[in-house]
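Biologist: I have a model open and would like to learn how to read its features. Could you walk me through them, starting with the surroundings of the ligand?

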Amino acid sequence: MDLMELCKAINSAAIAQLRARMRGELLLPADAGYEDARRIWNAAIDKRPALIARAGGVADVVAAVRFAREHGLPFAIRGGGHNVAGTALVDDGLVLDLSRLKGVRVDPAARTVRIAPGVTNGDLDHETQAFGLAITGGIASTTGVTGLTLGGGLGWLMRKHGLACDSLLSADVVTVGGECITASEHDHADLFWALRGGGGNFGVVTSLEYRVHPVGPTVVAGLVLHPAERAREVLRFYRDFVATTPDEVTTIVNLRHAPPAPWVPPHLHGRAVVALMACHAGPVDRALQDLQKLKQFGAPLLDILEPKPYALHQKMFDGAVPPGWRYCWKSHYLRALSDALIEALIEHAWRDASPRCYTLLFQMGGAVGRVAETATAFGNRDAPCGININAVWTEPGEDAQRIAWARDFFAATEPFSTGGVYVNFLGTEGEERIRAAYGANYERLARVKQRYDPDNFFRVNQNIAPPPRSAGG
Ligand SMILES: Cc1cc2nc3c(=O)[nH]c(=O)nc-3n(C[C@H](O)[C@H](O)[C@H](O)COP(=O)(O)OP(=O)(O)OC[C@H]3O[C@@H](n4cnc5c(N)ncnc54)[C@H](O)[C@@H]3O)c2cc1C
């Protein structure tokens, strides 16, 4: 059945009824605004939902879940729309768009924050930083906090304050049956465990409550830029540097061509570079000491590792990853930054890459690694480092070439992989890779899935299938 036939088949009276039940907006393919509403960050994803329900509140979420179930429609959940695999959308189904639900309430005395599901990193930082507080957020301000947290949530504060999901205190969830429940250490503790890494598999999260931590508002953060010709010595120095960094320091290496960003002097635009990026979660004077070696090494092309508002640092890289470009990511965790791996990085990072492509090496460890592997669903906590190879381009005609670059590069780094991967960096890569994201936690996640979503209604995601009925309780 094509999309138009499908829309006709869903009785128009039923659609009118859903529309009447919603405080938000319901869009069909013929409606003005539909084309915009089906666009997400990654323009390489081109899906045509039958219905897009822009929720105005929790009641709309309940109505949308019930409607999709009644009519047997595939169901996708959209928050910030950043997932590279395009799981925010589904062909011929119902997309529940939560992006307009933006409330943030900080309780500075209790050091907690409660957010609605459409809040982005930038929205959250804006509110929490008014009180000198923060949780670990992703490195782009436009990413959705809910999708980020449900997968784990890596970012500049993680080695000091843990992953975003490690600060989660409770979550309100609309279940497959349209019930509203709260998951925390005390209530639905199995679901609370699964939500901290297990993604959107278990229900629609409509509110999240976090513990917040004192951060800044001024921190030392930014980057030191070196020429790619000196990548070997820079990366060897970096390996030694991160071996002794305190938890306050989180670093990310970025191998790319310098973007035409306002903070890059024009004469460096397009130059192949190694960016040693860092953020220090502690006071400025200590930060300057802890980061001194990073600033003093070699003769950098640019040093903008300096005191600045944390919220500003969080927006620094937004311009390099705008919505509407085409993206393909390949990622896994690495055992160590060995000499042989450094050679593979040098061979591939700048070869055949469009000037927009970039490769990130995330320094893990610290508070992330101190949480027990089975304490939350997030897997691979012992990994010291993660690589994310990001092909970025604008023209559909370049798809094959750019994707081939990412795949070849990924294959060259596979011998150095732990075998694990971060679920939020996965494309559409199949069950084996999803299992690799969870390791030992996968079977327990499947049991929680069976309890909360036995028919796999919430399957447009990095899917954890419930075990076959005969196999489980
Ligand atoms: C530019 C960029 C930078 C990034 N940087 C980082 C980073 O620094 N650290 C990091 O950890 N990740 C990072 N990511 C990855 C990011 O965490 C994932 O893409 C995440 O899925 C984004 O969430 P979203 O709500 O924006 O995405 P969406 O595409 O809207 O949602 C993705 C999935 O999350 C689930 N989901 C979202 N909201 C809900 C909800 N309310 N209830 C139930 N399920 C829900 C659904 O399964 C949905 O399919 C980055 C992504 C981009 C594009």
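Biologist: How many nonpolar, polar and charged residues does the shell around the ligand have?

Modeller: Start with the classes: Ala, Val, Leu, Ile, Met, Phe, Trp, Tyr, Cys and Pro count as nonpolar, Asp, Glu, Lys and Arg as charged, and the others, Gly among them, as polar. Here the shell has 14 nonpolar, 19 polar and one charged residues. Please keep in mind that this is a predicted model, where local features need pLDDT of at least 70 and side-chain atom pairs count only at pLDDT 80 or more, while totals for chains, interfaces and linings use all residues. Residues are numbered from 1 along each chain as its sequence is written.

Biologist: Which residues are the closest to the ligand?

Modeller: A residue is near a molecule or strand if its C-beta atom, placed from the backbone, lies within 6 Å of it. In this model 34 residues surround the ligand, and the closest are Gly79, Gly80, Gly144, Gly147 and Gly200.

Biologist: Which element gives the most to the shell around the ligand?

Modeller: Elements are DSSP runs numbered from the N terminus: helices are H or I of at least four residues, strands are E of at least two. Helix α6 gives the most, with five residues. β3 (75-78), α6 (145-151) and β10 (204-211) each supply at least two residues.

Biologist: And into which domains is the protein chain divided?

Modeller: Domain bounds come from an automatic or database domain assignment. That gives domain 1 (3-97), domain 2 (104-214) and domain 3 (218-425). The ligand shell draws at least three residues from each of domain 1 and domain 2.

Biologist: Let's turn to sheets. What is the order of the strands in the open sheet of five?

Modeller: Strands of a sheet pair through backbone hydrogen bonds, either parallel or antiparallel. Two strands pair if DSSP finds at least two bridges between them. The order here is β5-β6-β10-β8-β9, with antiparallel pairing. Its edge strands, β5 (104-107) and β9 (180-184), each pair on one side only.

Biologist: Leucine 169 lies in β8. Why is leucine 169 classed as partly exposed?

Modeller: A residue is buried if 20 or more other C-beta atoms lie within 10 Å of its own, exposed if 12 or fewer, and partly exposed in between, with C-beta atoms placed from the backbone. Leucine 169 is partly exposed because 14 other C-beta atoms lie within 10 Å. Two residues are in contact if their C-beta atoms, placed from the backbone, lie within 7 Å. Not counting residues up to four places away in sequence, leucine 169 touches Thr112, Ser184, Glu209, Tyr210 and Arg211. The C-alpha atoms of leucine 169 and serine 184 are separated by 6.1 Å, though these residues are 15 apart along the chain.

Biologist: Finally, which residues of helix α16 are buried?

Modeller: In α16 (residues 431-438) they are Ile434, Ala436, Ala437 and Tyr438. These buried residues pack against α17 (442-452). Just after α16, glycine 439 takes a positive phi of about 50 degrees.
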